[in-house]
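Colleague: I am new to this one. Please show me how to read its features.

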Amino acid sequence: MKRTLSIVGQFLLFFFADFAGSFLYHPFGVMTKLSEGDLTGRSFEWDGLIMMLLVYLVVLLIATLRKRFGAAAPWSTLALACAALSGYLLRFGFVTRKW
């Protein structure tokens, strides 16, 4: 039960880090243009994914310092993969601008 709560908690932490980096706060400003038309432009902002990976590294660092890396790493990676997939399906980071 504790492991399940830990996975769900980490999923929510990674998911909200992706959300915050995609919509609320852009600390890195890394953007890739996907297409550019006459009146619209599509791009992808990488800030959400970068923030999510930084939070993941902090979680793994804490697990390493507690000497529980072997037990925590697979479940944290599962939570990261689920959060990244959810963010992709909800189109976090994809931006369409009308010029």
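Modeller: We will go from the overall fold to single contacts.

Modeller: This is a predicted model: local features need pLDDT of at least 70, side-chain atom pairs count only at pLDDT 80 or more, and totals for chains, interfaces and linings use all residues. Numbering starts from 1 along each chain as its sequence is written, and side-chain values use heavy atoms, with hydrogens and water left out.

Colleague: Which pattern does the chain follow along the sequence?

Modeller: Helices (H or I, at least four residues) and strands (E, at least two) are DSSP runs, numbered from the N terminus. Here there are three helices and three strands. Read along the sequence, they give α-β-β-α-α-β.

Colleague: What radius of gyration does the chain have?

Modeller: The radius is taken over C-alpha atoms, and the globule rule is 2.2 Å times the number of residues to the power 0.38. The chain has 16 Å, while a compact globule of 99 residues would be near 13 Å. Its C-alpha trace spans about 55 × 25 × 20 Å along the principal axes.

Colleague: How many of the residues are buried, as a percentage?

Modeller: Buried means under 20% relative accessible area, exposed over 50%, and partly exposed in between (1.4 Å probe, protein chains only). Buried residues are 30% of the 99.

Colleague: How do I read a salt bridge?

Modeller: Side chains of opposite charge can pair when their charged atoms come close. The cut-off is a side-chain nitrogen of Lys or Arg within 4 Å of a carboxyl oxygen of Asp or Glu. The whole structure has one salt bridge. Glu-36 pairs with Lys-33, with the closest N and O atoms 3.3 Å apart. Glu-36 is exposed at 60% relative accessibility. Lys-33 is exposed too, at 61%.

Colleague: And how many aromatic pairs are found?

Modeller: A pair of aromatic rings is described by the distance of the centres and the angle of the planes. Rings of Phe, Tyr and Trp (its six-membered ring) pair if their centres lie within 6.5 Å; planes under 30 degrees apart are stacked, over 60 edge-to-face, the rest tilted. The search finds 10 aromatic pairs. One of them, Phe-14 with Tyr-56, is edge-to-face: 6.1 Å centre to centre, 70° between the planes. This pair links helix H1 (residues 2-24) to helix H2 (residues 47-65), its partners lying 42 residues apart. Both Phe-14 and Tyr-56 are buried.

Colleague: Which residues form the aromatic cluster?

Modeller: Phe-11, Phe-15, Phe-16, Phe-19, Phe-23 and Phe-92 form one cluster. Phe-16 lies in helix H1.
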